Amino acid sequence: MSDVLRPSRAARSIEPTMIRSLRAGMRESTIDFGLGQTDLEISEAVREAIGGGDGREPYTPNAGSREAREAIAAHADADADEVMLTCGVQEGLAVAILGLCNPGDEVLVPNPGFPAYDNLVRAAGATPVRYPLAAPTPDSPGWGLDVEAVVERIGDATRLAVLNNPSNPTGSVFDADRLEALLTALEDAGVGWISDEIYEDYVWEGPFVSTRSINRQAGLVLSGLSKTHHMMGWRLGWMVGPAAIIEALTPFHQHLVTCAPSPAQRAAIAAVAEHDEAVVATREVFADRRRRVLEAFESIELGSEPSVDGAFYLFVDVRPWLSQFDTTLQLARALLHEEDVMVVPGEGFGPAGLGHLRVAFTIGGDALEEGLRRMVDFLQRHR
Ligand code: PMP
């Protein structure tokens, strides 16, 4: 590499995701349980709204058009000035983490967790401190929120906690009482939070409680159109929080992206207007797939009982197979090579994920059945 152009410390601290490197080994025929990308269509009304401009797409105000901010505010039970439209939740995370942390701060991030969190914390010159989710036991399947594990990691430098509920990659949904206890402890310790609730509409067991219904002052909530409305590439998300923080972070968002894409902002207005009906149809599709995935893995003895309370990820406990494979990355490579099936190794989400495979049931029909059959065959063969 040239001496003249050198990536910064921040850029060098960013790691590529494991998903991307494994995907390089995919073929045309690969059955893909890897990407958390829904396969459903955008609704007619949303498509019309995207195309519904007058041929000009001027910049909107930085935080979003007034109409779009009002529509998201009505949807999220907020005021318009408490809303910023972002280029997907991804950009919202960048604005929130880089905009709220100083170099040297510590930020609590879930383990296992979505890889953007710790990478963005490092990009801010801050230090990610991983808090483990409670790993499944025979009495309590699923990865719950372990309040103690978070609280005991709070120190003088702790600035922020990142929460993700429902969780990618574990498919767990936080218990409301534990979440409330955690938010109280964080606020008492002077620690704010960012709650990534992009999977809020995919809750299979138990009620979903947003951090906003507990405390609106000390945290930001992020969500968007990618998962519920199948608009991944349109890059539309939102951040909801105290008006003063939204206002203070808007210039940062301005200098990053100016504004979220204007056609996608119109789409957001149409999408949230029909949100309730759209979610019913989408949930039916994913509830059926969830049932099929759980059934398929019931036929094999895993490290712990498979469970998925939220999102469309099953985090399959293959710890017993670590006697055959050194890492779940190796196992996932062998699965790709032998069975032409793509899943994501759990350690791609932090060390606590080792021994687990993330299976995204974002495919349906025969491919889903065939892929499940191959995975179960593979695990039986390598037992
Ligand atoms: N947060 C989580 C937990 C995710 O799983 C994803 C996408 N896989 C994102 C954020 C980013 O979503 P968006 O498309 O809105 O940027």
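**Reading the labels on this model**

Author: The side chains of Asp-340 and Ser-29 are joined by a polar contact of 2.4 Å.

Reader: What makes that pair, Asp-340 and Ser-29, a polar contact?

Author: A polar contact is a pair of N or O atoms within 3.5 Å; within protein, one must be able to donate a hydrogen and the other to accept it, and residues adjacent in sequence count only if both atoms are side-chain atoms. The distance for Asp-340 and Ser-29 is 2.4 Å, so the pair meets the limit of 3.5 Å. As to the basis of such values, this is a predicted model, in which local features need pLDDT of at least 70 and side-chain atom pairs count only at pLDDT 80 or more, while totals for chains, interfaces and linings use all residues. Residues are numbered from 1 along each chain as its sequence is written, and side-chain values use heavy atoms, with hydrogens and water left out.

Reader: Where is Asp-340 placed, and is it buried or exposed?

Author: Asp-340 sits in the loop between helix 12 (328-339) and strand 10 (341-342); helices (H or I, at least four residues) and strands (E, at least two) are DSSP runs, numbered from the N terminus. Its relative accessibility is 10%. Buried means under 20% relative accessible area, exposed over 50%, and partly exposed in between (1.4 Å probe, protein chains only). Asp-340 is therefore buried.

Reader: Which residues does Asp-340 touch?

Author: Leaving out residues up to four places away in sequence, Asp-340 touches Arg-27, Ser-29, Thr-30, Ile-31, Leu-335 and Arg-374. Touching is contact, that is, heavy atoms within 4.5 Å.

Reader: How do you know whether Asn-165 is buried or exposed?

Author: Asn-165 has a relative accessibility of 2%, so it counts as buried. Asn-165 belongs to the loop between strand 5 (158-164) and helix 8 (176-188). A polar atom of its side chain lies 2.8 Å from the backbone nitrogen of Phe-174. Beyond four places in sequence, the residues that Asn-165 touches include Ser-172, Phe-174, Asp-196 and Phe-208.

Reader: What is the peptide bond from Asn-165 to Pro-166, cis or trans?

Author: The bond is cis, with omega near -15°. Another cis peptide bond joins Asn-168 and Pro-169, where omega is about 20°. Pro-166 is placed in the loop between strand 5 and helix 8, and Pro-169 lies in the loop between strand 5 and helix 8 as well.

Reader: Why is helix 5 called oblique to helix 6?

Author: The axes of helix 5 (residues 88-100) and helix 6 (residues 116-123) come within 9 Å and cross at roughly 40°. That angle makes helix 5 oblique to helix 6, because angles under 35 degrees count as roughly parallel, over 145 as roughly antiparallel, 65 to 115 as roughly perpendicular and the rest as oblique. The axes are lines fitted to C-alpha atoms, for helices over the stretch in contact, and angles run from 0 to 180 degrees between N-to-C directions.

Reader: What is the hand of the crossing of helix 5 and helix 6, and which residues make the contact?

Author: The crossing of helix 5 and helix 6 is right-handed; the near helix is then turned clockwise from the far one by less than a right angle, and a left-handed crossing has it anticlockwise. Helix 5 contributes Gln-90, Leu-93, Ala-94, Ile-97 and Leu-98, and helix 6 contributes Ala-116, Tyr-117, Leu-120, Val-121 and Ala-123. By class, this contact has nine nonpolar, one polar and no charged residues. Ala, Val, Leu, Ile, Met, Phe, Trp, Tyr, Cys and Pro count as nonpolar, Asp, Glu, Lys and Arg as charged, and the others, Gly among them, as polar.

Reader: How does helix 5 pass helix 9?

Author: Helix 5 passes helix 9 in a right-handed crossing. The axes of helix 5 and helix 9 (residues 243-257) come within 10 Å and cross at roughly 115°. The residues that meet include Glu-91, Val-95 and Gly-99 of helix 5 and Leu-249, Phe-252 and His-253 of helix 9. Its classes are ten nonpolar, two polar and one charged residues.

Reader: Why is Gln-254 not called buried?

Author: Gln-254, in helix 9, has a relative accessible area of 32% and is therefore partly exposed. Its C-alpha atom is separated by 5.6 Å from that of Asn-62, 192 residues apart along the chain.
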